[in-house]
Amino acid sequence: MGIGPLLLCVLLIVVLWWGPGWILGEALGVRRVLLPVVAPLLGMGVLTVIGVMGDALGLSWQLLPVMAVLLVLSGILFGLRMALKRYFPDKFDAPILTQPSIFGKHRFAGSWWILLAGLIAGGAVAAVSWIVGTEGLLGINQDWDIPWHANMIRLISVNHEWDPSIAGNFAYYDTTIPEAPIRSYPIAFHAVLSLFWPMSGVSIPVFLNVFVLVMMAVQLPLSTMALTMLVTRRPIAVAAAAAVSGWFTVYPYDLLWRGPLIPFFAGMLLVGPFALLAVKGAVERQKFWIPGIAFGAVGLIAVHPSLAFVVLPVLLFWMLSALVRRKGRILGITVYLAVSGVFAVVLGWPIIAQMLKESERVSKQVWAADTDRNGAIQNVIFLNHGSMAMPILTALVALGCLAVVLRIRMWWYFGPVLAFAFLSVYTMGTDNPRFMTLTAPFYDDQWRIFGILVMLLVPLAGLGVAQLAEAIAWLIGRIRYRTSASRDDGNRTSRRPSHVVTAVAAAAVLLISGIAAIPYFKQNAQRININTKVDGATLSASEVGLLSKIDQYVPQDATVLNDSCDGSVWMYALGNRMPMIRHFEILPTNRQLLVLQKLPELATDPAVREAASELGIEWVYIADGRIRAWDEPKAGLTQPDAIPYLKLVVREGNAALYQIDWSQLPGGKEAFDAAAKDRLQLDGVSGILENRNPDGIAPLGRIC
């Protein structure tokens, strides 16, 4: 990929991720020092509200109408804010400020430069790790959920419709949706990205890789700063947390290769900004921020609903702390957050209702423990889970815990940390069902829960760096003081450490730690590269080439018979043509399985012929890549060249496309065309079908 397309793609993602929220934030009067952090949160929220409300009103999900609605809504909110400030200045024009600046009493000259240095340092490490791991942003994940995300982006960009139920139809078009495992899906992440992807000029996998690059380079350290600001306002601690945010393996790298859980990861990057916006708004009684907090809550749960169960413990333990420290104001804080929550439910109810359809399915997910309790505790202590131990980061986190212990105002933060530490040990080290309710929102997934814990530990690592730097600066000051005292020159140096010395000491600690942590950085890139390949076992370069140009051979409204376990689920995302099975984890219906197993018997078995006709199968894609090394190709696709009515259309490396010559089969093409009466195309989107003769799902348990 050339530098021009890359820069254009980065620019589009930056505008998409920060632009809508920045406009809304300006309308609501969110401070500009806070806007870069919370703008993505506000943007995701307002776009979600426009999407779900607009869908009910028939709004086309395209860039121009969506931006028009955004500008009108922001204009109305801005006008309302100005009017209220003018006519009720005593209530709306004088917010109570408890701190003179965002850093409070810890502010000193050069604070913002230190934060910028931390942002650049942390973003650079994370971005380089991602670029190396994705083989220059060109790699495609060979496993898990990434084709589903890619397919959804194309589907919504073509369909121009915000409707979570289309995800269920996309997956299970040949059965009744209420009976399918996926009936709905939180598509906010995909819908937002679909607005700008068509303009990028790159493939969807590359677009997703560039999106994550921007998240790693900018949003990851920014979000870490926001989360750290809840615990401490010390600029050095905040900057140090940002600097080390890209060092840990479990978060974010394991979340990005195991899944990859890109929507979940993107949502985790909104947790810190949301908590910071809610806390600052409640403490300072910023009345105009209430709609912003509500929009932010909608955006958070729309990206991934389980993240509400991350934010709630953080806010709950913070409020318990406020109950002790702010006794006279706790009622106002509680009412403020409660009003924001009610407003969020009102704005987000349509998408919340859609997500509730999936709650039963999600709550039944169970991941088996992969170690015992002692092993799980060791994983938590050394911050590893299937990766190398990280004693350097463990030491920094331990120092951060010491810093919290020494400052009673920070004790509340141990609440959410210990809660997720307990859940991590439980999910990794036991199969006890007693706590399933607590882990159900996270699919009982030990990787997600441990990732959340590590996200909460990163601010403690920043505090650890600051604590060590302050100790070094104090020691230097003490030595200088004693030296000047021994001279008895009457001009003694103060024992109070200077901010410059502390900052230099923190930089030295980070530099030494970073040099020692070089193996961590190499591991992180290698973790991403486990599945992300330009030429991999599931998707070879030849397969990607053929799938990317399959629209040159296959008509727009055709369905292609495929074995989902060979990587062909990428067909729609790469080539805009619909495979019969659209995801690695989608179980086939009985008739789909029949055709996969008995394709060579089309000429002799009327049941197979009827099933293929009902499905509209005229094209067949076959490749020898395997998502699972032990998976066997479907029986009907093993010897395609021996089938007389199967005509080879194109072969590229280990991938081939065939066409069925229905004129050679009993009943001819006429019988095939007649079966099309049961297939209704919905909304003009290829592959979004309604079958008036639906079939049941095959009882396989797992397709790959």
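The legends below describe several close-up views of a predicted model. In this predicted model, local features need pLDDT of at least 70 and side-chain atom pairs count only at pLDDT 80 or more, whereas totals for chains, interfaces and linings use all residues. Residues are numbered from 1 along each chain as its sequence is written, and side-chain values use heavy atoms, with hydrogens and water left out.

**View 1. A salt bridge joins R31 and E284.** The count of salt bridges comes to 17, a salt bridge being a side-chain nitrogen of Lys or Arg within 4 Å of a carboxyl oxygen of Asp or Glu. The side chains of R31 and E284 meet at 3.2 Å, N to O. R31 lies in the loop between α1 (3–28) and α2 (35–57) and E284 in helix α14 (residues 271–284), and the pair links parts of the chain 253 residues apart. Helices (H or I, at least four residues) and strands (E, at least two) are DSSP runs, numbered from the N terminus. R31 is partly exposed at 26% relative accessibility, whereas E284 is buried at 4%; buried means under 20% relative accessible area, exposed over 50%, and partly exposed in between (1.4 Å probe, protein chains only).

**View 2. E470 forms a salt bridge with R234.** The closest N and O atoms of E470 and R234 are 3.7 Å apart. Because E470 lies in helix α23 (residues 446–487) and R234 in the loop between α10 (204–231) and α11 (235–244), the pair ties together parts that are 236 residues apart in sequence. E470 is partly exposed, with a relative accessible area of 26%, while R234 counts as buried at 19%.

**View 3. E618 and K669 meet in a salt bridge.** The N to O distance between these side chains is 4.0 Å. E618 belongs to strand β5 (residues 617–623) and K669 to helix α30 (residues 668–674), so the pair ties together parts that are 51 residues apart in sequence. K669 is partly exposed, at 30% relative accessibility.

**View 4. F422 and F435 form an edge-to-face aromatic pair.** The structure holds 13 aromatic pairs, where rings of Phe, Tyr and Trp (its six-membered ring) pair if their centres lie within 6.5 Å, and planes under 30 degrees apart count as stacked, over 60 as edge-to-face and the rest as tilted. For F422 and F435, the distance is 5.0 Å centre to centre, with 85 degrees between the planes. F422 lies in helix α21 (residues 414–429) and F435 in the loop between α21 and α22 (436–439), so the pair ties together parts that are 13 residues apart in sequence. F422 is partly exposed, with a relative accessible area of 40%, and F435 is also partly exposed, at 26%.

**View 5. The charged end of R448 sits over the ring of F264.** The distance from the charged end of R448 to the ring centre of F264 is 5.5 Å; a charge sits over a ring if NZ of Lys or CZ of Arg is within 6 Å of the ring centre and within 35 degrees of the ring normal. Elsewhere, R154 lies over the face of Y572, at 6.0 Å from the ring centre.

**View 6. L396 and L463 are 7.9 Å apart in space, C-alpha to C-alpha.** In sequence, L396 and L463 are 67 residues apart. L396 is placed in helix α20 (residues 391–405) and is buried, with a relative accessible area of 4%.
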